Amino acid sequence: MLAVFDKSVAKSPEALQSPQSGSVSALKDGFLAQHFASVHPSSVTVNLGSSGLIVYSLDKQNPLLPRLFAVVDDIFCLFQGHIENVALLKQQYGLNKTANEVIIIIEAYRTLRDRGPYPADQVVRDIQGKFAFILYDSASKAAFVAADPDGNVPFFWGTDSEGHLVLADDAEVVKKGCGNSFAPFPKGCFFTSSGGLRSYEHPHNELKAVPRVDSSGQMCGANFKVDAEAKKESSGIPRVGSAANWSTTY
């Protein structure tokens with residue numbers, strides 16, 4: 001799976017940007033989508049207009065960690081992995097028996113957006129299993145991204161030459177667009193367009209960037225770690241109506 005978000009939608013953390021990174025423009029002329037298609041046959045590209053693009057393929061997937069894609073009410077979601085407490089989450093969100101993991105993620109997001117107040121970290125923490133997902137809400141032009149606490153699903157992110165955010169389950173694809181400005185997506189964390197990167201395992205702590213060096217001694221983005229000494233100011237997601245939603249305030 002691959003997503004490239006324009007910097008107006010998802011501002012890439014500055015710590016991901018490495019000097020002399022060798023990055024290119026991932027969105028120009030569909031460069032990275034075309035590269036993805038060349039290494040992952042039968043891929044499907046979803047053009048998000050000025051916001052970016054999403055690409056997915058069922059090629060070379062782990063049968064125990066399958067990839068799923070769905071669109072519901074202009075919410076696009078790519079999911080890879082397996083949720084263990086599916087039955088409980090279906091009941092919690094009032095979903096029917098046929099709902100799968102990607103539909104659960106979309107409904108969890110809609111609950112945050114429309115029917116709060118719920119802490120975003122709690123909603124993600126309720127998802128038990130091995131997973132990584134990328135969600136884009138075209139109505140509010142907001143991205144929502146997360147990975148499980150153990151990093152069971154390969155998941156990477158990076159910054160291209162124009163500051164756009166690149167996310168994929170293939171490290172080589174991210175490197176093609178971002179050069180050295182990439183890193184594994186932080187375990188047990190989620191990223192939103194308005195709130196940036198946060199830990200849902202330790203929601204009251206700040207995250208700090210630790211420079212990442214590859215085997216050849218080159219800077220390659222940064223790893224983000226929970227800072228045990230730095231506490232966040234408490235903040236919640238206010239209950240909102242149709243005129244506004246959590247993604248603009250959190």
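Colleague: Before we start, what do local features and side-chain atom pairs need here?

Modeller: The model is predicted, so local features need pLDDT of at least 70 and side-chain atom pairs count only at pLDDT 80 or more, while totals for chains, interfaces and linings use all residues. Residues are numbered from 1 along each chain as its sequence is written, and side-chain values use heavy atoms, with hydrogens and water left out.

Colleague: Thanks! How many aromatic pairs does the structure hold?

Modeller: Rings of Phe, Tyr and Trp (its six-membered ring) pair if their centres lie within 6.5 Å; planes under 30 degrees apart are stacked, over 60 edge-to-face, and the rest tilted. The structure holds 11 such pairs. One of them joins Y109 and F144, which is tilted, with 6.0 Å centre to centre and 40° between the planes.

Colleague: Why does the pair of Y109 and F144 tie together parts that are apart in sequence?

Modeller: Helices (H or I, at least four residues) and strands (E, at least two) are DSSP runs, numbered from the N terminus. Y109 is in helix α3 (residues 101-114) and F144 in strand β7 (residues 142-147), so their pair connects parts 35 residues apart in sequence.

Colleague: Is F144 buried or exposed?

Modeller: Buried means under 20% relative accessible area, exposed over 50%, and partly exposed in between (1.4 Å probe, protein chains only). F144 is buried at 3%, and Y109 is buried at 1%. F144 also pairs with F133: the centres are 5.6 Å apart and the planes at 70°, so this pair is edge-to-face. Ring pairs link Y109, F131, F133, F144 and F190 into a cluster.

Colleague: Which charged end sits over the ring of F182?

Modeller: A charge sits over a ring if NZ of Lys or CZ of Arg is within 6 Å of the ring centre and within 35 degrees of the ring normal. Here R212 has its charged end over the F182 ring, 4.9 Å from the centre.

Colleague: And what does the side chain of H40 make a polar contact with?

Modeller: A polar contact is a pair of N or O atoms within 3.5 Å; within protein, one must be able to donate a hydrogen and the other to accept it, and residues adjacent in sequence count only if both atoms are side-chain atoms. The H40 side chain contacts that of D170 at 3.1 Å. H40 is in the loop between α1 (31-39) and β2 (44-47) and is buried, with a relative accessible area of 8%.
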